[in-house]
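Okay, thanks for having me, everyone.

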Amino acid sequence: MSQTVPPKQEQEAQSFAETALRLGGKSEEEVRRMGAVDRADEQVETLFAAQYQTTSSPVHRAIWEGKVPLDLFQPPPPAASHPSDACMEKSLAVVRRRRDEGALLNQDKKLSVETLQELADAGYWGLLIETKYGGQGAPFARFAPFLTRMAALDSMTAAMASVHGCIGAVDPVRTFGNAEQKARLLPVLASGEKISAFALTEPGAGSDLTALRTTATLVGDHYEVTGEKLFITNAVPGRLIGLVVLLEGKPAVLIAELPPHENDEFQLVHYGLYALRQAYNHGLKFNKFRVPKENLLKPKTGDGLTIAYHGLNLGRLALCASAAASMRVFLANMLPWTAYRKTYGKPIQTRELVKRRIARLAALIAGADALVAWGSWLVDQGYRGELECIIAKIFGSEAQKEAAIELFMKTHGGRSFLHGHLFGDNVHEYLAPCIYEGEGEMLAMAFFKSLVKEHGKAYFEPIGKALQSHQIKTFSPANPIHAWKLRRELSSYAGWRMGQSFRRRDNGRVQGLDARLARHLAFAQEMCQKIPLELSSAMRTHQLKLADRQDRMIELSQRAQDAIVMLVTLFWAHGKKTAVAIAAADVLCQDLRRKLTGERPSDAYFKDANRLADLVIEGGFEGLAGVPEQEILMPYTS
Ligand SMILES: Cc1cc2nc3c(=O)[nH]c(=O)nc-3n(C[C@H](O)[C@H](O)[C@H](O)COP(=O)(O)OP(=O)(O)OC[C@H]3O[C@@H](n4cnc5c(N)ncnc54)[C@H](O)[C@@H]3O)c2cc1C
């Protein structure tokens, strides 16, 4: 394939993705667009001190260093109290009361202005904003489990806090605003005078953010924005939005106040949407829409995508926290139903099949809780957390989907489809998180690329460049001329490969670990030592065509994620020390282990699952108290 190769200086500045794609024969257009995404990612890295960047992250180190850094998988227990607790309790009380009074929603069945105002009075919208700007200054590790409690009461109220505080205007202004912007904007965001949204997606740009078309042009003291956004949650007239535009051809973020009414510059696009039904979600059309020039956020490095990626990380943890809540709602409603429903003279709760479902649900909740606690702690420590937040997002959304369909729907039988049943009424709510904040398999590929980047740069990029300079199109290891020409690059790789084979297995041990968890720890450590070889072998096999082997990337990505979920969940249970937490972590780890090895479930596994179900049925599962239970539909007398 003919291609224009850029001058040497430009080639040296290009990112790893650009180098690999160009050497792999991709078109200049694709190289440019993928390179833009890769560069945005690298620019986010530079916002973090070296010890908090991706290569120093717990996931990267666990996979590539040959020894899992056990201390980075054991968050300390949360502090007994924090000044933001009072606001959290007040906010929960507001939602509980308004729900009981049937006053949460307005006539459109969206969260009402009065609900939002009462939450504002409680300080809810300022939870993640520093106290000096009128907020509550909650650490993320305190905000996230609170979000689980709120989402168990009302998922939309929780989702709005996440949209506002994580991906909306709060995180962009807190992280990238200058002193004047923070002083001007954060107080109105904290008080709830302005609730915010984030407008990134466009009709032609969702997964592919390099296809953004909305453009801003500086005219005097303001920008004029022209273009269209789609699927924007919380975007109603009068709100404050983080608006991603192209400015001089590069993505940028403007903090824009939507006018109180539609006009020639700004119109809403209406459609029916099955998910997030209790919030407004609109398309936005802008025609020379004016935004004051002082509302442009200017990150120290990078551009608008840098800002978007930063907020999305927090949104992904929040999504997993909400999934933990939805799954608690399933469990709280499965328990009374399975006790009530008798078939062949016995409650279905006594059957092995139903108990296995209860156990699996408890295990999935344990995994989601564990990932939220771990990821939030890391983010509060200052870690970038990209790999860790992707794992939480994929696990949370997939667990919620499986729990809704395989566990909740099936166990409720035909009643699942009655109007008024939680499943039938909310099925789209349970599925949509697989798509928003990044579709799961697309994210799995992003995870893979981040995970292998350093290894690729160290060993495969030099080989690719050497192939190009020697004009070798297809490398054959059996060809002595190829081997001689690439001797330096190949011997460096061979050194790494030998090191892997002869590395002393130095697995850390943990005092007082339950024997079941200790077995899972040993297995997960072994997996973390195998995965580098699996990743590297795929890179060697597919060489420059690896970018096209998407299914292999996703499969390998998932294996690495599963090993990490095992580590995080077993340490979470070790910290909790309760019998039910340990049993739930054990069942999840057994499930993940079988997924990784392809083994069949043993009889002992089914017994363990049944024992966990018994513990849950006896009332031992954390966080179920106060979770709303529906009346049993179509009751009958037996
Ligand atoms: C309920 C809801 C709320 C939302 N809220 C917001 C919001 O507040 N703000 C906002 O900006 N956006 C929001 N979104 C948009 C959301 O983030 C996007 O839907 C999501 O990013 C996916 O983009 P898309 O729908 O355009 O998918 P598309 O880009 O059309 O992709 C569809 C699918 O094609 C496949 N695919 C795409 N590209 C590739 C590739 N290169 N290789 C292999 N497969 C590929 C993937 O499976 C992908 O999921 C919301 C969406 C929903 C459903």
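This is a predicted model: local features need pLDDT of at least 70, side-chain atom pairs count only at pLDDT 80 or more; totals for chains, interfaces and linings use all residues.

Residues are numbered from 1 along each chain as its sequence is written, and side-chain values use heavy atoms, with hydrogens and water left out.

Let's do the pocket. We work on a 1 Å grid over the protein atoms alone: a pocket is an open set of points with protein on both sides within 12 Å along at least five of seven lines, a cavity is a set of points where a 1.4 Å probe fits but cannot get out, and lining residues have an atom within 4 Å of a point. Grid points are joined across faces, edges and corners, and a volume is the space filled by probe spheres set on the points.

The second largest pocket has a volume of about 1300 Å³. It has 45 lining residues, and Pro78, Ala141, Pro145, Ala373 and Lys576 are the closest to its centre. Helices H5 (85–100), H7 (140–153), H12 (352–381) and H19 (550–576) each give two or more residues to that lining. By the way, helices here are DSSP runs (H or I, at least four residues), numbered from the N terminus. Which helix gives the most to this lining? That's H12, with nine residues. By class, the lining has 25 nonpolar, ten polar and ten charged residues. For the classes, Ala, Val, Leu, Ile, Met, Phe, Trp, Tyr, Cys and Pro are nonpolar, Asp, Glu, Lys and Arg are charged, and the others, Gly among them, are polar.

Now the cavities. The search of the whole structure turns up three of 30 Å³ or more. The largest cavity holds about 110 Å³ of space, and its lining includes Trp337, His412 and Arg415. H11 gives the most to that lining, with three residues. The second largest cavity holds about 50 Å³. Tyr124, Phe143 and His164 are among the residues lining it, and helix H8 (residues 155–167) gives the most, with three.

Phe143 comes back in a ring pair. Rings of Phe, Tyr and Trp (its six-membered ring) pair if their centres lie within 6.5 Å, and planes under 30 degrees apart count as stacked, over 60 as edge-to-face and the rest as tilted. The whole structure has 20 aromatic pairs. Phe140 and Phe143 have ring centres 5.5 Å apart and planes at 50°, so this pair is tilted. Both sit in H7, three residues apart, about one turn of the helix.

Last bit: helix contacts. Axes are lines fitted to C-alpha atoms, for helices over the stretch in contact, with angles from 0 to 180 degrees between N-to-C directions. H15 (residues 440–469) and H18 (residues 515–542) pack at about 65°, axes 11 Å apart. Contact means heavy atoms within 4.5 Å, and here Phe448 and His455 of H15 are among the residues involved, along with Met539 and Arg540 of H18. For H20 (residues 579–597) and H21 (residues 603–617), the axes come within 9 Å and cross at roughly 145°.
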